[in-house]
Amino acid sequence: MTSTEAPVAPEAPGTPDASVAPAAAAPVAPDAPVRFDTKIAVLLRDDLAPWQRLNVTAFLVSGLGTQVPEVIGEPYADADGTPYLPMFRQPVLVFEGPASLLTTAHARTLSRALPRAVFTAGLFATGHDAANRAAVRAVPGAALDLVGLAVYGPRNAVDKTLKGARMHP
């Protein structure tokens, strides 16, 4: 259990068993700062066009929730009861750096066995998911022309992985 989660109270009779339902996050006052033990970070190559930065970031973070379900929070609803999809339970920090830093960060991510997603320059020329996977598969990992990298893990491991990166403006 992380410091941002609270023990689950016993369920009322007739409600689903708490052992099969995901643990609810502790209620937090809207103005109370929360320091997560983990970090979601995206590293972008610093020479990308603005539209590319947004596109790469969106693609990269979409992979994390599929393989690391604990990063996803509970579904949303507005006051009218309209449901909305759940989103990440914590902020996504976006960094930038030169191509050489992406190569170094990629190697660090692999050595730490952190969950990761990559976006290569070749993906800008593809038009669908199967072509994207084929473009990445065609190149050895050390030779990938990385333009983006998403990583998730313990805060200190992610910080060490992205050492040298600067916050995206």
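Student: Which residues does Lys39 touch, not counting residues up to four places away in sequence?

Tutor: Lys39 touches Gln90, Leu93, Val151, Tyr152, Gly153, Arg155, Val158 and Asp159, where contact means heavy atoms within 4.5 Å. This is a predicted model, in which local features need pLDDT of at least 70 and side-chain atom pairs count only at pLDDT 80 or more, while totals for chains, interfaces and linings use all residues. Residues are numbered from 1 along each chain as its sequence is written, and side-chain values use heavy atoms, with hydrogens and water left out.

Student: Why is Lys39 called buried?

Tutor: Lys39 has a relative accessibility of 13%, and buried means under 20% relative accessible area, with exposed over 50% and partly exposed in between (1.4 Å probe, protein chains only). Lys39 therefore counts as buried, and its place is in strand S1, residues 38–45. Strands here are DSSP runs of E with at least two residues, and helices are runs of H or I with at least four, both numbered from the N terminus.

Student: What makes the pair of Lys39 and Asp159 a salt bridge?

Tutor: A salt bridge needs a side-chain nitrogen of Lys or Arg within 4 Å of a carboxyl oxygen of Asp or Glu, and the side chains of Lys39 and Asp159 meet at 2.4 Å, N to O. This pair links distant parts of the chain, with Lys39 in strand S1 and Asp159 in helix H4, 120 residues apart. Asp159 itself counts as partly exposed, at 37% relative accessibility. In general, side chains of opposite charge can pair when their charged atoms come close.

Student: How do you know that the side chains of Lys39 and Asp159 also make a polar contact?

Tutor: The cut-off for a polar contact is a pair of N or O atoms within 3.5 Å; within protein, one must be able to donate a hydrogen and the other to accept it, and residues adjacent in sequence count only if both atoms are side-chain atoms. The contact between the side chains of Lys39 and Asp159 is at 2.4 Å, so that the value lies within the 3.5 Å limit.

Student: What makes Arg155 and Asp37 a salt bridge, and which parts does the pair tie together?

Tutor: The closest N and O atoms of Arg155 and Asp37 are 4.0 Å apart, and the pair forms a salt bridge. Arg155 lies in helix H4 (residues 155–161) and Asp37 in the segment before S1, so the pair ties together parts that are 118 residues apart in sequence. Asp37 is partly exposed, with a relative accessible area of 38%.

Student: How many salt bridges does the structure hold, and which residues do those that share partners join into one network?

Tutor: The structure holds eight. One of them is formed by Glu96 and Arg166, whose closest N and O atoms are 3.3 Å apart. Glu96 counts as buried at 9% relative accessibility, whereas Arg166 is partly exposed at 40%. Salt bridges with shared partners join Asp46, Arg53, Glu96 and Arg166 into one network.

Student: What makes a set of residues a nonpolar core, and which members of the largest one touch the most other members?

Tutor: The set must consist of buried Ala, Val, Leu, Ile, Met, Phe, Trp, Tyr and Cys residues joined through side-chain atoms within 4.5 Å. The largest such core has 16 residues, of which Val42, Val56, Leu60, Phe119, Ala150 and Tyr152 touch the most other members. S1, helix H1 (50–67), strand S5 (116–120) and strand S6 (146–154) each supply at least two residues of this core, and H1 gives the largest share, four residues. A second, separate core of 14 residues includes Leu102, Val151, Ala157 and Val158.

Student: Why is Tyr84 called partly exposed?

Tutor: Tyr84 has a relative accessible area of 44%, a value between the 20% and 50% cut-offs, and it is therefore called partly exposed. Tyr84 is found in strand S3 (residues 83–84).

Student: How do you know that Thr126 is partly exposed, and what does its side chain reach?

Tutor: The relative accessible area of Thr126 is 25%, which is why Thr126 counts as partly exposed. Thr126 lies in the loop between S5 and helix H3 (129–137), and its side chain reaches the backbone oxygen of Leu123 at 2.9 Å. Leaving aside neighbours within four places in sequence, Thr126 is in contact with Ala131, Asn132 and Ala135.
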